[in-house]
Amino acid sequence: MAMWELIKANKRKSVILFLSMGASLILLGYLIGAAFFPPSGGMTGLFVALCIWVVLSLISYSSGDAIILSLSKAKEVSHDVHPQLFNIVEEMKIAANLPYMPKVYIIPERAPNAFATGIKPEKSAIAVTAGLLSSLNRDELQGVVAHEMSHIVNRDVLFMTFAGMLLGTIVILSQVFLRGLWYSSGSSRRYRSSRSSKGQGQAQLVIMVVAIVFAILAPILARLLYFAISRKREYLADASSVRLTRYPAGLASALKKISSTSVDLSSANKVTAPMYIINPLKPKGRRVSNLSSTHPPIKERIKILRSMMHGANYSDYQKAFSRVKGKPSGIIPASGLRETGVIPIRKAYVEKEAKRGKKKGMRDVGDLMRAVNKYAFLACVCGLKIKVPPNFRKPRIPCPRCGRQLEVPLAELAAVTAAAESAMGEKGKKEAEQTGPEVSSYIRKGKGWETFSCPCGRSLQISPSFSASHIVCNSCGRKTEIKG
Amino acid sequence: MWKWILLAVIVIGAFFLVGIYNALVRLRNRVKNAWSQIDVQLKRRHNLIPNLVETAKGYMTHERDTLENITKARGQAVSAEGMADKSKAESALGGAIGRFMLVVENYPDLKANQNFLALQEELTSTENKIGFARQSYNDQVLFFNNKIQMFPSNIVAGMFNFKAGEFFEIEEKEAREVPKVDFS
């Protein structure tokens with residue numbers, strides 16, 4: 001119940017910010033129209049601006065989820081690929097009282113990160129990277145999944161999509177206007193002054209100047225508003241995550257682990273960046289100014305979570321927030337704070353974290369990527385695990401260690417490749433051809449032999465004498481940059 | 001004139017009655033739905049235990065008691081009827097599982113068994129799901145009971161014999177007992 005009121009109040013605040021963005025779009029459209037086509041062009045400009053926004057919003061409403069998931073190269077997985085992830089998503093679904101089970105996606109990348117989509121709640125999805133799964137323990141993963149689940153429950157995705165489209169329209173309009181002005185400045189003014197009287201010309205000049213100033217300012221203003229909405233919602237999702245899991249330390253240490261990674265998320269870009277739990281594009285070491293960021297500073301988020309000691313309620317988060325920031329916050333709407341009763345913080349599940357070497361971690365990521373890409377796993381009697389790519393076509397394979405002949409489940413592999421091809425279809429194939437080989441990156445750790453896996457799942461090896469800038473995968477043709 | 005006023009009062013009263021009645025039914029259905037969520041998870045836990053015992057048997061030769069306790073507690077939980085009995089039996093089962101998990105720490109071979117690890121993950125997750133489902137069930141029961149006891153809906157509840165829901169409590173003995181300190 002409280003959750004629903006909270007969403008409503010949250011909506012109201014964001015709606016105000018949203019409306020101010022809408023107002024600047026309308027004003028911009030009107031001014032541009034008035035400047036270009038006097039005297040009655042204002043309404044035309046306004047109409048065109050709204051049309052662009054409606055078209056963009058309709059596209060993103062109907063297929064935004066699919067676009068984002070395919071941009072990030074996420075693959076839908078079943079319970080068997082990673083039972084723990086699947087279980088945790090289901091736990092959080094129960095905790096959040098969500099009527100639908102979100103789909104679970106894994107992104108075959110080493111950088112730890114996660115995001116949620118779900119413009120329509122019944123089609124929501126949670127995507128996490130393979131690197132996240134191998135580096136977090138159960139409690140931490142639960143914190144991250146709860147954060148994403150809160151985005152779904154709070155309807156953040158829908159809201160951020162429409163706000164993003166508003167921002168996009170404003171940027172497009174002002175760019176077109178300013179560039180158009182640059183190329184046609186001389187001719188149009190001469191043409192206008194010859195037709196209109198002196199008084200009208202002056203009024204026209206004023207409108208022109210106002211339009212130019214506004215076209216420069218509007219995108220900046222809209223961006224700041226957009227970022228303000230986005231940051232607010234990140235804090236709220238953190239607070240809801242704690243309330244769902246009742247374990248703030250889990251999310252805190254997950255955020256720490258995610259932010260201290262040295263691997264880049266190569267499939268993230270400017271469009272998808274605001275969706276992730278931690279901004280994947282932030283250059284390391286740079287202090288991000290508060291106003292121009294989609295995410296709140298990670299250190300503060302961790303500090304707030306770590307200073308929650310007495311309970312996992314919204315009011316506890318609020319208290320911790322004011323203590324850390326030194327000012328009262330408007331993050332949690334009043335209805336969330338009215339909740340009475342203490343929700344105690346629970347104990348950790350994982351008491352002793354299994355010590356795992358780096359090598360084991362890397363191998364886990366590789367195995368997970370292969371599982372996502374539908375590799376067949378053959379266990380040999382000698383203890384070796386052999387991974388067979390789905391396009392493998394020989395009926396038997398010798399074990400590299402003991403030489404025993406192993407049967408390859410050809411029928412299974414063939415079914416997988418056939419399904420992948422039919423799912424891709426003609427359109428997908430064309431896209432794949434256009435985009436060409438993709439580029440990912442790997443950072444060398446030392447000077448010796450090193451093995452890592454290509455996003456397609458194949459193992460790649462670099463020798464101590466390797467000195468080129470990139471390596472090309474033999475089975476999928478992807479380029480992987482070698483850094484360091 | 002008086003007739004009309006009387007009629008209006010009756011009609012408005014009837015509307016109120018219907019509204020309150022419907023609200024009560026809605027809340028009661030929510031409680032039922034929340035209970036079925038718990039029930040699904042409890043059944044899941046019951047189904048997992050025989051597999052768990054079977055897997056552990058080979059490794060835990062010296063822990064016959066622990067395994068028997070778990071099996072017995074499961075049998076009682078499966079056959080328990082009524083909310084009070086169920087709460088009791090399920091918390092006993094939870095305790096038995098907890099003790100079992102503590103004992104497992106002494107058997108590294110068992111902990112390395114792939115099959116056992118998968119079962120353990122399923123069991124942990126089921127315990128969590130029971131916890132979360134229980135929380136939302138108790139929330140719903142609280143809303144329903146408040147509605148039944150508060151004026152004016154308590155009158156309607158009395159007329160149509162709505163009975164207060166029972167909370168599903170699981171006793172966590174370790175959490176409530178004060179730890180004993182022994183310096184001898």
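What is the strand order of the open sheet of four strands in chain A, and what pairing does the sheet have?

Modeller: Gladly! Please keep in mind that this is a predicted model. The four strands of the open sheet in chain A come in the order β1-β2-β4-β3, and their pairing is mixed. At the edges stand β1 (75-76) and β3 (114-117) of chain A; each has a single partner strand, so one side of each is left without a neighbour in the sheet.

Further in, we can follow one pair of strands. Strand β2 of chain A, residues 103-107, runs parallel to strand β4 of chain A, residues 125-129, and five bridges join the two. One residue pair to pick out on your screen is K103(A), whose bridge partner in β4(A) is A125(A).

Now for the helices. Helix α2 of chain A, residues 41-71, lies across β2, β3 and β4 of chain A, and its direction makes an angle of about 160 degrees with β3(A). Helix α5 of chain A, residues 138-153, lies across β3 and β4 of chain A, where it runs at about 25 degrees to β3(A).

On the way into the sheet there is a backbone detail to look at. The loop between α3 (83-95) and β2 of chain A holds N97(A). Phi of N97(A) is near 60 degrees, which is a positive value in a residue other than glycine.

You will find N161(B) in the loop between α6 and α7 (173-176) of chain B. Another loop of chain B, between α5 (114-149) and α6 (153-159), contains P152(B). The peptide bond that leads from F151(B) to P152(B) is cis, with omega near 0 degrees.

Finally, there is a cavity to visit. Searching the whole structure turns up one cavity of 30 Å³ or more, and the largest cavity holds about 80 Å³ of space. Its lining residues include P108(A), E109(A) and R110(A), along with S453(A), C454(A) and P455(A).

Notes. Residues are numbered from 1 along each chain as its sequence is written. Chains are lettered from A and ligands numbered from 1 in the order in which they are written. This is a predicted model: local features need pLDDT of at least 70, side-chain atom pairs count only at pLDDT 80 or more; totals for chains, interfaces and linings use all residues. Side-chain values use heavy atoms; hydrogens and water are left out. On a 1 Å grid over the protein atoms alone, a cavity is a set of points where a 1.4 Å probe fits but cannot get out, and a pocket is an open set with protein on both sides within 12 Å along at least five of seven lines; lining residues have an atom within 4 Å of a point. Grid points are joined across faces, edges and corners, and a volume is the space filled by probe spheres set on the points. Two strands pair if DSSP finds at least two bridges between them. Contact means heavy atoms within 4.5 Å. Axes are lines fitted to C-alpha atoms, for helices over the stretch in contact, and angles run from 0 to 180 degrees between N-to-C directions.
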